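Work through the exercises below with the sequence and the model open. Try each task before reading its solution.

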Amino acid sequence: MSNENRKNDQLEQFRVKDEGKEMTTNQGVKVSEDEFSLKAGERGPTLMEDFHFREKMTHFDHERIPERIVHARGFAAHGEFELYESMKEYTKAGFLQDPSKKTPVFVRFSTVAGSKGSAETVRDARGFATKFYTEEGNYDLVGNNIPVFFIQDAMKFPDLVHAVKPEPHNEMPQAASAHDTFWDFVANNQESAHMVMWAMSDRAIPRSLRMMEGFGVHTFRFVNEEGKAHFVKFHWKPVLGTHSLVWDEAQKINGKDPDFHRRDLWESIENGDYPEYEFGVQILAEEDEFKFDFDILDPTKLWPEEDIPVKIIGKMTLNRNVDNVFAETEQAAFHPGHVVPGIDFSNDPLLQGRLFSYTDTQLIRLGGPNFHELPINRPVCPFHNNQRDGYGRQTINRGPVSYHKNSLASNTPRPVSEEEGGYVHYQEKVEGRKVRNRSESFKDHFSQATMFWNSMSEPEKEHIKQAFSFELGKVKSKSVQQQVVDMFANVSVELASTFAEAIGATPPEEQDSGVSKASPALSQEKTVKKPDTRKVGVIIADQYNGSEVKTVLDTLKEQGVQAEVISAKLGVVKGSDGSELEVDHTFLTCDSVLFDALYLVGGKETDKQFDREATYFAEEAFDHFKPIGATHEGVKWLQKLEISDSPGVVAGEDMKQFSASFIEAISAHRHWNREQI
Ligand code: HDE
């Protein structure tokens, strides 16, 4: 069995194909009738003895399990992890030793605040949870797409979540932080400042799950064969770059396609455009623990990449969709405490608390202590111990012995030494009094929030100002609004004054923190820019210029761009040369917000309604700073909107030249230097 397929091979034993089979009850009895219950007379009452009805209904009645208390809305895929270079020097983790070996992975992405049925392009952090099925057991890297967190101690997590979730008296708003209790929490727990800056930035509205970073957030440890430890932070860097939506667009997508992110992930995998993320580590010698102006145990702080470079050590490719969302995605149980030898914890108080919470919540969500036996959660290596029984136990553990130590089974299953692969916790020396305190070194809440602000490009700053104005604009309490203005004056007076004005609050008097440091890596401005997998809506009508349009569409395809045809009705549109294009969407079934760019072609036979729809699509794309290309009759819509000379708007008569400029415009993602209409 090859290593890279071990998880897939294991899952194969559990896959069931019902298609083409005879119907039976769960007891295997063949069913003769599945539409009508057993009745005393055709118009009479249903009989209790109808075991088929009882079983079918009972199972249905119990189909739902509790959703996750946070990260309820999620979507996942399988893949594999490959290592670029051995990490032997730093860690003995088996899957980080040999670059020729691949490790199967399962990744679940999620929003945090919304419930299971909520829309996906909300303003929120995204969960980025990876299960590595290594030969030494499962290693879970349960991260987010934001490298810091709102709070410093797990003790406050229930409070944070109560504050951001819909308010309990009326259960509103769904999947949104724009309400009083969240901002009241922020203002009264000011360690949240740094993460709030990220949450108000473009990072919180990713264009795609394939185009966002992932972070382990906490400081962990690598421990090598000699027992030497280094502090580490984990990173995922998307090969397609880090890109975002704009807020107005994100809100509209939530209505037009609440499944936008999962659809994008699902389709890209189905199309063979496998999402890829490089794996990076920041490594810090233990001796350097106190060399920084922040505490490396504080989860509201990141390690600036310019100070501690991210070493890229491998790549993860997601190449297989799940077969069944409930069985795999929903039943997956991640846990930051699932570590393998060579990876260890730090004393970050947020991490320490997480180590308790995950199994605890899964015990109720997955109905008992045996969820590790569910196919998606099973390690690919053997697992043996003396744990027994409980709801839904699958294995049939043989023999009389289920205790340690024993003589009847020669003291097996036996613990093994460190040399044989037994997990031994890093022997950090710990000393101290029992106190309920925050360390002095955790008390600076604003320096890195300011560093984040300083690192933003002008358009990114503008978006943050708008996000604060939106969110605080939805808050009803004047007092909370003012508290937030005063709090963020500590980050930037410019920022706080701008949203104070937008919400009618008193501009701040306080000075900002005076921090001038910036970390260029935090801006998305210089991220990777490629046309690959970008979705272009082609607005086209009958009697379009067949051969010339084909040249453009062929070039787009060659560059990995996906063109989807939009017209007034489904079927085909016919070119002037007799060519045909299958229509993918009508103006009714799609929307401008669902595309990265528009290509306006038109045709000889468009009526007023068509012109109106096409102009509406173009105007909206323009407002969302998207690339727009136009040739032939499509150019008239640019002229009508008076946007022909705007950045990122490309028109042309030479198809080769046009295609090249259009692809360049698509690669840029968005054209922020554009005057709104
Ligand atoms: Fe979680 N978190 N979390 N979290 N978290 C859960 O576990 C918790 C935190 C993260 O796709 C829960 O099985 C506490 C940080 C992800 O299944 C729960 C604290 C980070 C997922 C829980 C945190 C995360 C969860 C809910 C503060 C980024 C989804 C369901 C101490 C590093 C995993 C579940 C999936 C899920 C507790 C903070 C990431 C309740 C107590 C920081 C990606 O156990």
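A residue is buried if 20 or more other C-beta atoms lie within 10 Å of its own, exposed if 12 or fewer, and partly exposed in between, with C-beta atoms placed from the backbone. The model is predicted: local features need pLDDT of at least 70, side-chain atom pairs count only at pLDDT 80 or more, and totals for chains, interfaces and linings use all residues. Residue numbers start from 1 along each chain as its sequence is written.

**Exercise 1.** Decide whether K165 is buried or exposed.

*Solution.* Locate K165 first: it sits in the loop between α3 (157–164) and α4 (180–188). Helices are DSSP runs (H or I, at least four residues), numbered from the N terminus. Next, count neighbours. K165 has 23 C-beta neighbours inside 10 Å, so it is buried. Finally, check V112, 53 residues away along the chain: its C-alpha atom is 9.3 Å from that of K165.

**Exercise 2.** Describe how α11 and α13 cross.

*Solution.* Two packed helices are described by the angle between their axes and the distance between the axes. Here α11 (residues 458–473) and α13 (residues 493–503) have axes that come within 9 Å and cross at roughly 40 degrees. Axes are lines fitted to C-alpha atoms over the stretch in contact, and angles run from 0 to 180 degrees between N-to-C directions.

Now list the contact (C-beta atoms within 7 Å, placed from the backbone). On α11, the residues are I464, K465, F468, S469, L472 and G473. On α13, they are L495, T498, F499, A502 and I503.

Terms used: Helix = DSSP H or I, 4+ residues; strand = E, 2+ residues; numbered from the N terminus. Contact = placed C-beta atoms within 7 Å.
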